[in-house]
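Here are my notes to read alongside the model. Take them one point at a time and keep the structure open while you do.

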Amino acid sequence: MSEPLPGRPHERKIVLSLAGITKRFGAMTANEAVDLDLHAGEIVALLGENGAGKTTLMNILFGHYVADEGEVRIVGPDGELVPLEPGSPHAALNAGIGMVHQHFALAENLTAFENIVLGTRPLLAPSTSSRADRQRLEALMRDSGLTVDLDLRVSRLSVGEQQRVEILKALYRDARVLVLDEPTAVLTPQESEGLFATLRQLADSGLAIVFISHKLAEVLSASDRVAVLRMGRKVADLPTAECDRQKLAELMVGHSLSQSRREPRAPGEVLLALEGVCAGSGREAVRDLSLALRSGEILGIAGVSGNGQAMFARLVSGLERATSGRILLAGRDVTAGDARAMIAAGLARIPEDRHRDGIVGAMSVAENLVIEEIRSARYQRLGFLDFGAIAARAREAIAAHDIRCRGGSAISRLLSGGNIQKIVLARTLDAEPAVVLAAQPSRGLDIGATGEVHRRLLAARARGAGVILISEDLDELFALSDRIAVIHRGHLTPARDAGELDRATVGLMMAGHAEEAA
Amino acid sequence: MIRFEPRETVSPLLRTGVPVAAALAALALAALPIMAAGAPVLQAYVLMARGAFGSFFAVSELLSRATPLILTGLAAALAFRARLWNIGGEGQLYAGALAAVAIGSGAISAPPAVMIPLVLLAGALAGAMMMLVPALLKLRLGADEVVTTLLLNFVVVLFVQMMLEGPMKDPMGMGWPQSEPMADAATLPKLFDRMRVHAGLIVALIAALLAHILLARTVWGFEIRAVGENQDAARHAGIPVTATFVRVALFSGALAGLAGVGEVAGLKGYLTADLSPGFGYAGIVVAMLAGLSPLGVVVAALFIAGVFVGADSMSRAIGVSNYLADLVVATSLIAVLVSGLFVRFRIRLVGPGRRASAGKDTGA
Amino acid sequence: MMEILDILVSPNFWAAALRIATPLIFGVLGALLCERAGVLNLGIEGIFTAGAMAGWMAAWLGAGLWGGVLVAALAGATFGLLHAVLTVPLGLSQHVSGIGVTLFATSLSYYAYRTALPDVTSPPRITAFQPLDIPVLSDLPFLGTVLFQQTALTMLALAMVVVVGFVLYRTPLGLAIRAVGDNPAAVEAQGLSVMALRMGTVVAGSALMALGGAFLTMSAFDAFFFGMVNGRGWICIALTVFASWRPGKALLGALLFGAFDAFQVRLQTEVGAFVPGQVFLMLPYLLSILALVMVARKADYPRAMLKPYFKGQR
C-alpha cells in the first residue's frame, strides 16, 4: 500500500484495484500474486526490466489476457469498486480504461478521426460520426493540447502524432484510467518531456495514469509513485520522492549493476566507408550518408525509430541497393553487393528484428548456426550437406556461448529471446569479422542477455574490429560508443567523440536541431 | 473455452498418425452422401475396397492411377515447401503431355533407349517452362502466383484443344479431337502383361526418392526450406531467394509435366483434352495429406488413387455417382488441414474462471 | 475499322457487356469484402458452382426464382462459414483452406446434382429470369437497351455495388471492416470482436459470390452444366486486385472485362474462319492475368490479409 501524498485532493480515492493477479504461460509464470491500487489524479510508474511481467499485467487489466488467478476491480458509477469482466477489452473500455500500446493499435488505412471513432457507434448506424462527435473531439484536443490533423491517414502521421491519436482515443471514450506501455520508446528526450507535461495536466484533471517503463530517469522525474516488478512479482510500491536511481536499479534487477567496461583504444585504419549514399523513398529514405568506421572503435548511431535506421541497416547489410554514392569495405567497392557478398567480405550483421530476420524459427539451432555459411566447403560437399560438420559446429557454439536448448536439433522458435540472440551472435561474430553492424542488439532482452551482447561487441572492438551500433537507448550508446552520430529524417550528422557529447545534446540532434546542439 | 498450447516436440507417431486419421475420417464421412443417395452404406464400402485392392487387376489400376498423383503431389509438395503456391499442376501436366506427343508421335524416330528419355525430358521441360512464367511474373512484377497458375490451367487446356483440332489432330482419328498415337519406341513399357500399370510408376518413385534427398540432404534443399519457413531471415542470411524460387518453380513444373508424359506415353497412348480428371488439383490434396514430405506423397497418392479407383468401381456396381471420389478427396484436404492443429498444438478444454492446467511440457 | 466502331456504338453490344459482367460484379464484390476484412477467399470458384447448382435446383423443385436466389445465397453463406471457421478462429492457411472449400463445394454440388438427377441425358431447364420491361425506361434509346432490358439479377448486382459501397464507406461497420483488414489489433483495442467481424464479412461476401453463380443458371442460362463456372471465380480474384478493393472500381473492372469479352465474341464472328475458336476462349484468362500484372507492382493489399489473428496478440 502506498502512503497517500499530501496536497492533492483526488488521491485518496481508489479508482482501480488489481488483487492477487497471477498469469502463467505454460511453465512460465509471467505474473505472480500482484496487487496494485490506483488513485484518481496520480501518475504511477510500473518499473521493471524486460520480461518482468509489466506488459502482461497491463494486458490483463485491459482484457487482452485472462488472469489465472486474481481479480481486477474498478470504481463503478456509485463510487464502489466492482469486479471487471475478465478477458474483454470491450468491458475495460466501457469501464473507463484506456490503453496506449507500445505498438500502436491504429489502422493505417484510416484517418486519425476514423480511428478515434471506430467502435463508438452501433455498427449498423447510417453514418460513422456526427458533427457533435467532431466538435467534442476538437474541444478535447484544445483542452489537452494534443493536436493532430484529424483528416490525415494515420500512415502519414509521425510517430509522435500517432501516439497523440492513441491518447485521444482513450480521452474520447471518457477514460478514467490511462495506461501507457513504454510511451517514450519512440520519442526524443524533448518529446518525452512534452508527453509527461501533458500527462501531468491530465492527472490534475482527475485521471489516474500508469506508465510502463524501464528507464529510471523518466520514472524519477515524471511519476508520483513507483511499483517495481521483478520476475513477475511486485517487489516494491513506494512514493517516487523516497527513491533514487541506485535504489530503483537494485529493486529492478535484484542486485547492484555492474557496468561493461570499455578500455581505451587508439582507433586504426578505416574499415568501412559510406560516401554520399542515398537510397529508398518516402519516410524510409536515407540521403547523402557519409561515415568512416575505423578499426577498434564502436560507432554509435542514435535516433528516434523510423528516421532511416532501418534503411541504413538494410543498405550496409546488402539487402537494399544504393541509388547513388559508394560503400567501401576495407577499400573495396561493395556498393552493388548483396547479403552474400557482404558476408563474404567480412561484414557481420545483427538484425534489428531477430525473430523476423535473425533466425528461421522452424529450423533447428544447428541449421540456424550455419545458415550464413551453408555454401562454404566447411558444411557441404558437391551440394550435399555435411551433417557431421554441422552438428559439430552446433555442439561447439552451444557450449561456448551457453545457448540454452535441447541440443543442436532443437527447434529455434521455442527458445527465449536471449538464446535466439546468442545464436545470431555466435553465427555472426565467431568468424571474427572485420566489421560488425549491430542494429538494436539488446532490444527486448533482459539485463543478463543484454550484458552478453555488450560483452561480445566490446570483445570484437578489442580484437580490432569496427562496430556500428544502431540503438534508440542512449544509456547503451553512451556506455559502449567511442563516437556517436545521430540520424534524423534520413540524414546522418558527422560522428563526434562520445566524451564531448551529453544526453541533452544528442536529444536535440535526434529532434533535428543539429545546429543548436553544435 | 478451448486453449491451444504449442507443442515443443512432435513425436513421429503423431506426425504420421494424425494425417492418416484425417484421411480415414474423410473416408468415413463419405457414408453421409452414400446414405443420401439411398445406397447400402456397408456394401458401398465393401465394393470400394474390392475395387481398389480386391484383385491383381484392381491393384494394377490403383498403381496406374497413383502414378500421376505421385508426380503432381510432389510438384505441389516441393513448391509449397518454399511457400510458392503452384496451383497450376493441371496445366503443367497438359503441357508435359503435349510436349511428349509432339516429340513421340512420329516427329523423331529412334530406339526406345533414346526416345523414352527424350520424351520424359521434353515433358519435364514443358512443365517447367509452364511454371517459370508465373514464377517470373511473381518475382519480377509481384503478380500473385496463385491466381496466375490457376488461370493458366484454363489457357493450357484450351491450347491443347486447339492443337488437337488443328495441327496435331490425328487424321486417322475418325474426326475425334485426339493426337496421333505415340510411337512404340516412345511408349513406356507395361510392368505386367495385360495390366495397365506402366514404367511411369518407376519414374514417379525415383522422383519421390530424389525429391526427398534434395530436400533433406542438399544445400538447395536447405535453402528451399529456409526460404519457405522465413523468407526475410533467409534473405538476410545471404540465401539467394530469387534463384531458389526459380529453381523450385522449375522442379515443381517439371514434376507435373512428367505426370502428363506418363499418362500419354504409359497409359493412353495418345492425347485428348480430357486426359486428366483433375490430377493437378488432386496433387495439392496428396501433398497436404503427406505433410509436404516427398516420401509421404507416395503413400498419400496411393490413398487418393484408391479412393478414385474404388469409387469408380463401386459407382458402376450400385449407381452412386463417382463424384463421391472427388467429395472424399476434398473432405480429406479439409480434414488434414484441421488435424494439423493437433500436431502443432496441445488442445485443452479450460473451464471458465478456473486456471488452466499449467503442467510442464515434458515432450509428447 | 468501321466494323469495330459499329460494334462499339451498338446498344446490344453494351447490353451484352453488362450481362457478361453481372456474375463478375457479384464475385468481385464478394471477394473484395472478404479481403478488406483480411481473408483471401479462394473458395470463390466452388461457391460460384454451389450457388449455380443450389439456386437452379431450388427453382427447379418449385421454390420460385427468388426462392432459388435465396437458397443460392444461403449455400454460399454456408461454404463461406466453413472457410471462415477454418481461417479465422483456427487460423489455418487461407490459401489451402480456400482451395479445399472450392474442391469441396464443387464436388458436393456435382454429387448432389447427379444424385438428384441420375438418369437425365440432357439437363432439365427452368424458366429463367426474363429481361425487364419497365414502362418508359425500357423504351429509352440506347440506355433502355443497355440497362433496362436486363434481368432483375443484373439490377440486383448494380444495386449491390451501391450497397457494398455504402456499407464500406458510410457505416461504422464498414469502418470496422476496413480497419480489421489493416490492423486487427486496432479493432480489438476499440472493443470490437475481430473474430465476429471477419467471420461475418466472409459469410456475407461468400453469399454475394454465390449470387454470381446463381446468375449463370437462372438468368444467363436456364440449366446447370458441369464445369459451367469455368474459372470465373479465379477471374474475380484477379479483378479484385485490379479494382484496388473498391466497389466502384470493381464495377468498372467487371464492365471493361465484359466489354472485352463481348467484343471478342463479335470479332469471332468476323474473323472466326481464320483464327481457331480457342484463341478467343483463352482471351478472358489471359486478360485477367494481364490485368493482375498491370496493377501488381502498386497494388495496395490490405495489410493484414493472409495473417491470422489471435486475441491479445500484437
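This is a predicted model: local features need pLDDT of at least 70, side-chain atom pairs count only at pLDDT 80 or more; totals for chains, interfaces and linings use all residues.

**Notes on the three chains**

1. Which way do the side chains go? Ile298(A), Gly300(A) and Ala302(A) point one way from β13(A), while Leu299(A) and Ile301(A) point the other way. Every one of these residues is buried, whichever way it points.

2. Now look at what β13(A) pairs with. Strand β20 (residues 466-470) of chain A runs parallel to β13(A), and 4 bridges join the two. Strand β21 (residues 483-488) of chain A also pairs with β13(A) in the parallel sense, again over 4 bridges.

3. If you want to find one pair of partners, take Ala273(A), whose bridge partner in β12(A) is Ala292(A).

4. On to chain B and a pair of helices. The axes of α9 (residues 219-229) and α11 (residues 241-268) of chain B come within 10 Å and cross at roughly 105°. Crossing angles of 65 to 115 degrees count as roughly perpendicular, and that makes α9(B) roughly perpendicular to α11(B). On the α9(B) side, the contact is made by Trp220(B), Glu223(B), Ile224(B) and Val227(B). From α11(B) come Val241(B), Thr244(B), Phe245(B), Arg247(B) and Val248(B). By class, the residues of this contact are 6 nonpolar, 1 polar and 2 charged.

5. Next, where chains A and B meet. The contact takes 28 residues from chain A and 23 residues from chain B. On the chain A side, α10 (339-344), α11 (354-358) and β18 (384-385) each supply at least two residues. That side of chain A has 14 nonpolar, 6 polar and 8 charged residues.

6. Chain B also touches chain C. Here 40 residues come from chain B and 35 residues from chain C. Which elements of chain B give two or more residues to this side? They are α2 (31-36), α6 (112-141), α7 (145-165), α12 (279-289) and α14 (323-344) of chain B. The chain B side of this contact has 30 nonpolar, 7 polar and 3 charged residues.

7. Last up is chain C itself. How many helices and strands does it have? Chain C has 13 helices and 0 strands. Along its principal axes, the C-alpha trace of chain C spans about 60 × 50 × 45 Å. With 314 residues, a compact globule would have a radius of gyration near 20 Å, and the 20 Å of chain C agrees with that. Of those 314 residues, 57% count as buried. As for contacts in chain C between residues at least 6 apart in sequence, 79% of them join residues at least 24 apart.

Technical notes: Residues are numbered from 1 along each chain as its sequence is written. Chains are lettered from A and ligands numbered from 1 in the order in which they are written. The radius of gyration is taken over C-alpha atoms; the globule rule is 2.2 Å times the number of residues to the power 0.38. A residue is buried if 20 or more other C-beta atoms lie within 10 Å of its own, exposed if 12 or fewer, and partly exposed in between; C-beta atoms are placed from the backbone. Two residues are in contact if their C-beta atoms, placed from the backbone, lie within 7 Å. Ala, Val, Leu, Ile, Met, Phe, Trp, Tyr, Cys and Pro count as nonpolar, Asp, Glu, Lys and Arg as charged, and the others, Gly among them, as polar. Two strands pair if DSSP finds at least two bridges between them. Axes are lines fitted to C-alpha atoms, for helices over the stretch in contact, and angles run from 0 to 180 degrees between N-to-C directions. Angles under 35 degrees count as roughly parallel, over 145 as roughly antiparallel, 65 to 115 as roughly perpendicular and the rest as oblique.
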